[in-house]
Amino acid sequence: MNLKDTLNLPDKDFTIPMKAGLTNLEPAIQQRWEDINVYAEIQKSRESAEPFVLHDGPPYTNGPIHLGTAMNKILKDFVVKSQTLAGHRAPYVPGYDNHGLPIELAVMKKFEKKKISPSILELRKACREHAEEFIGVQTEQFERLGVFGLWDKPYTSMGFKYEAEIVRVFKRLIEGGYIYRGLRPVLWSPTAQTALADTEIVYEDHTSRSIFVRFDLKDDPNGIFEGLENAGTIIWTTTPWTIPANLAVAVHPEFTYDIIKVDGRHLLLVRELVETVAAKCGFADYTVVKSVKGSEIEKTVFAHPVYGRDSMALLADYVTTEDGTGVVHTAPGHGREDFMTGQRYGLPVLCPVNERGILTKDAGEFDGIHYKKCDEVVVNRLQELGALLHVEDFQHTYPHAERDGKPVIFRATEQWFIGIDQPFHLNKEITLREKMLTQIDEIQENKGWVPESGYKRIRAMIEGRPDWCISRQRPWGVGIPILYGKESSEPVLDPVAIEAIAKMIEEQGSDGWYDLDPNEILPADYAHPETGETEFRKETDVFDVWFDSACTNLCVLEGNVEPEWKDRWPSDLFLEGSDQHRGWFNVSLIVGTAARGEAPYKEVLTHGMVLDGKGRKMSKRFGNVIDPTKVCEQQGADILRCWAASVDYENDMPCSDELIKTSGEGYRRIRNTLRFLLSNLYDYDPSAEPELLAIDRWIMERSDILVSQAMKAYDRYEFQKVWSGLHNFCVNDVSAVYADAIKDRMYCDGQDWDSRRSAQAACHHVLNHLVKLVAPILVHTAEEVYERIPGISQLTSVHMESIQAKTCTREWRSCSKLAPSCLPSLKAGGRRTGSKTHRMSKQTCRFQWSRRQRSNH
RNA sequence: GGGCCUAUAGCUCAGUUGGUUAGAGCGCACCCCUGAUAAGGGUGAGGUCACCGGUUCAAAUCCAGUUAGGCCCA
C-alpha cells in the first residue's frame, strides 16, 4: 500500500495551473465575457444601485495606443471595477476624439506620397476613414487590457449625431451670450494665403533688419520724466514693417530702467543695455540722470514716430535684457505675446496687412507696399523723421512654412471666441470666469482635486486664461455653423438657423456643411434676422478640436446623442493625465459652466506621465518605449495591470522591461497563494459546520481586516496601497504562517474531521474575499479562480460580485488576543515552527503596539 | 524664463501634527524543504533620507537656496 495515497493531498487538476499562460488564457476569458456580454450583465444587475459615473476623456484616434493611454484606461478600469465591487452601478462609456490637425496631417502625408491633392471633401473622407480605422484598433487594444465598458457603442466626436450636438452646444453658448467674433493674430503664409498651424512651421535662420527707434514722450502721468526736456524712449524690433501697426511699448515690471541724457535728449531704456545701445547708436557722451523701476513706467504715453498717435507703455514679463533696449515694440495684430498684452490693456487689434502680405490703407502712407519691401521703406522713413537711431542686420531663427519654405508672418484675422469675462448667464452680476473659480473652490471643499496640487494648478489657469479662440482655419473638423449675409457679411446668430444646420448634420454629418448650399440647409424662405437678406455664404472655419472634447459631458451624459449614455450630470469623476489641467478639465469646465451653470465633474483625479526606468521620457529615438499591446501578448494584461497598481500614479510613473518583469514576480506570488488555497478545497463541504480552530479564526480575521483596508483604499483610489496590502497578506499571513501551519491537519487528518474542515472553512473564507479584492486588478486571473471555487452561489462573473468593507474594531481586539493563544498550536502542528513563531510574535507585537497607539489618542 | 510637482535601500513604495535604533515587499547572498515543487520557508547584508544652509532640545519631516527630472506655459 502506498502511504501517499492515504493523504488528502492538494488536487492539481482542481486548482488553477501554476504556470499562468496568460497569453492564451486571457483571450479565452475575454471571449467568454463577450459571449455573455458581461458589461451589460453587470449594468443590468446594478440598475437600482447608487450610481458612480466616471466620465471618459476621449483618446485621440491617430494611431495605436501607447503606454500612457493604456495606463489611463487601466486606472479608469480600477475605479470602475472597484466601485462596482463596492456595490455601485458604475457605467463606463468610452469615447474617442477624431477631428483635428494630427489626423489631417497624417492623411495629407499619404496623399502626398501618391502625389494627389485632394479636394476638401476627399480629404475629410480620408480623415474619417483614418479615424475610423484607429477607433477599431484602439478598441481592440483597450479590450485586450481587460477594460470593461460599452465598447460596442462608444461615443465618437465625429459621429453624425455627436457632430450635430456640438453645433447645438455652440447654439446654447450663443444664447448664453458667450460667443463673439474678433481679431486675433495667427501664423499666416502670404505665399499660400492661408493660416498655418504650429506643426506646419519650421524655424530657420534668417537675417532680419533690426532697428532702434526713438519714441518721444507724449504724456507722463506718473511723472517719471518730470523736469527732463526732450524726453522719450528707445524701442527695438526685428520686423520694421510692423511699425505701422505699433500701438504700445512693453517694459518688464521688475527691471530697472535708466533715463540717460544724450545730445540734449532724455531717453529711457533698461539699465543692463545702456552701454550696448549707446555704443550702437553712437552716443559719444551720455549720463544717467535717473532710474525707475519698470512697473513705474506703466501707462506712460509715447508718440508713434510716424503717425504721432498714442503708444502706451505696458508691462510684460517676456521682455528680456538679451537684445534690444528692454523696451519692446508692441503690435497686437502681429504677434501672440503682443496680442495677449494688448488684450490685458484693452488695446484694439490693428492689422494693416492683407492676406497677400500687402499693407492696406490702415497703414496710411505705406498703403500698397508688400511687407518684405516695407522693411526698407519704413527704415528710410524713420531715418527721414530723425527717429531712427541705429539699424543693423540681425541673425535669428524665424518661422517658415514647412510646405514652401517661405517665411510666414503673424497676421490678425477674424476668429470666433468664447468670452471668459462675459456675464454669467444665470447671474449677470458675475462673470463666467468668476463662476468657474467658484466652482473650482466648491469642488475643492467637497470631493476635491486629487492630488491637491491640481486645485492650485487649475485655479491659476482659469484665473489667467484669455478668451478661448474656438475657430481654426482647417478642413478636418466640425464646421462652425455660421452663415453670413452675402452682401452685408453680417453673421446669422439666430438659433433657428443653427438648429437647421444641426438637423442637417445629424443626417449627413458635418460633410453636409461643405456639400450643401445654405438655402438647402435653411428653412424655406429664411431671411437674415437683421438684414433681411436671403442669400448667404458659409463660414469656412471649423471648431478647435478642444471644443469637440469640451462638449463630451453634454453630448454623452445628457443623452442627447445616444439615450443609452444618459447618466448623472455632473459626473462623479474625471480621471486624466496632469497635462489636462490646461486641456480637457479646463475646456470642459468652460463649456459645462457656460451651458449648465456648473462644473461637469464633482471630483478630478490626475496621474503623472509614464517614463522609462531611468525617469526619462519614452521616445522612439531613445528606444525605451514599452508597447502595452506587446506586454499583453508576451506577458499578459494582468501583469501590466500589476505594474499599474504598483506605481504611485500621482507622480510620474517609471516603466521598463525590468519593472514589468518584477510585476510578473509579484503576480506569481499572488497567483500561487490563490492556487494553494483553492487546491485544498476540492472536497470542500459547505454543509460542514466545524468548530473553528484559533489559527483558522485568526487568518479569517486577518482577511477581514484586509478587506476593510483594501476597500477603503479602493474608495480613495489608492491602488498601490491595495496592491501592497494584497501582496503582503499573501506573503506574510498566508504563505509564511498559515499555509505551513495547516498542512499537517489538511493532509493527514481524516477527510471529514472537524480539524480539517475548520482549515477548509478558513481557506474558503480567505479565498472568497481575496479573489474579489484582487479582481479589479487581476481581472482575468480572478475570473479563472472564481469559477472554480466550490460551495458558493456562482454569479456569471467575479466582476458582478460585491463586497462590503467590514468594521475593524472586533478584529483588532481578537487579533492581539488570539496570536499568543495560537502559538502552541503552531508549535504542535507545524514542523518548522521556530521561525514562524518568531514572525508571529513580531506581528503580534505590532498589533498590540498599534492598538496602544490608537488608544492613546 | 514663469507656474505646479517630484527626489527615502539596487527596484517599487510606507514613514501621520518634527520625537526611541527610518520600515515593507521585491531583488541579492547564504541556508532549509522536497506533501504549494519551473513552487515554498528561514537568516542576512543593503540607507550621509538628492545637495547646501537655516529654525529647533530634537529635522526624512518645517523654511530658504542649489541640482536633477516631469507637466504646463512663455
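Me: Why is His-390 called buried?
Reply: His-390 has a relative accessibility of 18%. Buried means under 20% relative accessible area, exposed over 50%, and partly exposed in between (1.4 Å probe, protein chains only). His-390 therefore counts as buried. This is a predicted model, in which local features need pLDDT of at least 70 and side-chain atom pairs count only at pLDDT 80 or more, while totals for chains, interfaces and linings use all residues. Residues are numbered from 1 along each chain as its sequence is written, chains are lettered from A and ligands numbered from 1 in the order in which they are written, and side-chain values use heavy atoms, with hydrogens and water left out.

Me: Where is His-390 found, and which residues does His-390 touch?
Reply: His-390 is found in strand E14, residues 388–401; strands (E, at least two residues) and helices (H or I, at least four) are DSSP runs, numbered from the N terminus. Leaving out residues up to four places away in sequence, His-390 touches Ser-210, Ile-211, Phe-212, Lys-280 and Cys-281, where contact means heavy atoms within 4.5 Å.

Me: What makes the pair His-390 and Glu-392 a polar contact?
Reply: The distance between their side chains is 3.0 Å. A polar contact is a pair of N or O atoms within 3.5 Å; within protein, one must be able to donate a hydrogen and the other to accept it, and residues adjacent in sequence count only if both atoms are side-chain atoms.

Me: Why is Met-340 called partly exposed?
Reply: Because its relative accessibility is 42%, Met-340 counts as partly exposed. Met-340 is found in helix H9, residues 336–344.

Me: Which residues come nearest to RNA strand B?
Reply: Of the 46 residues around RNA strand B, Glu-337, Ser-646, Arg-669, Arg-675 and Lys-743 come nearest. A residue is near a strand or molecule if one of its heavy atoms lies within 4 Å of it. The largest share of this surface, ten residues, comes from H23.

Me: Which part of RNA strand B lies within 4 Å of the protein?
Reply: Of the RNA strand B atoms within 4 Å of the protein, 81% belong to sugar or phosphate and the rest to bases. A base oxygen is 2.7 Å from an N or O atom in the side chain of Arg-457.

Me: How is the confidence over residues 808–857?
Reply: pLDDT, the predictor's confidence in each residue from 0 to 100, stays under 50 there. Where pLDDT is low, the predicted coordinates should not be read in detail. Chain A averages 88.
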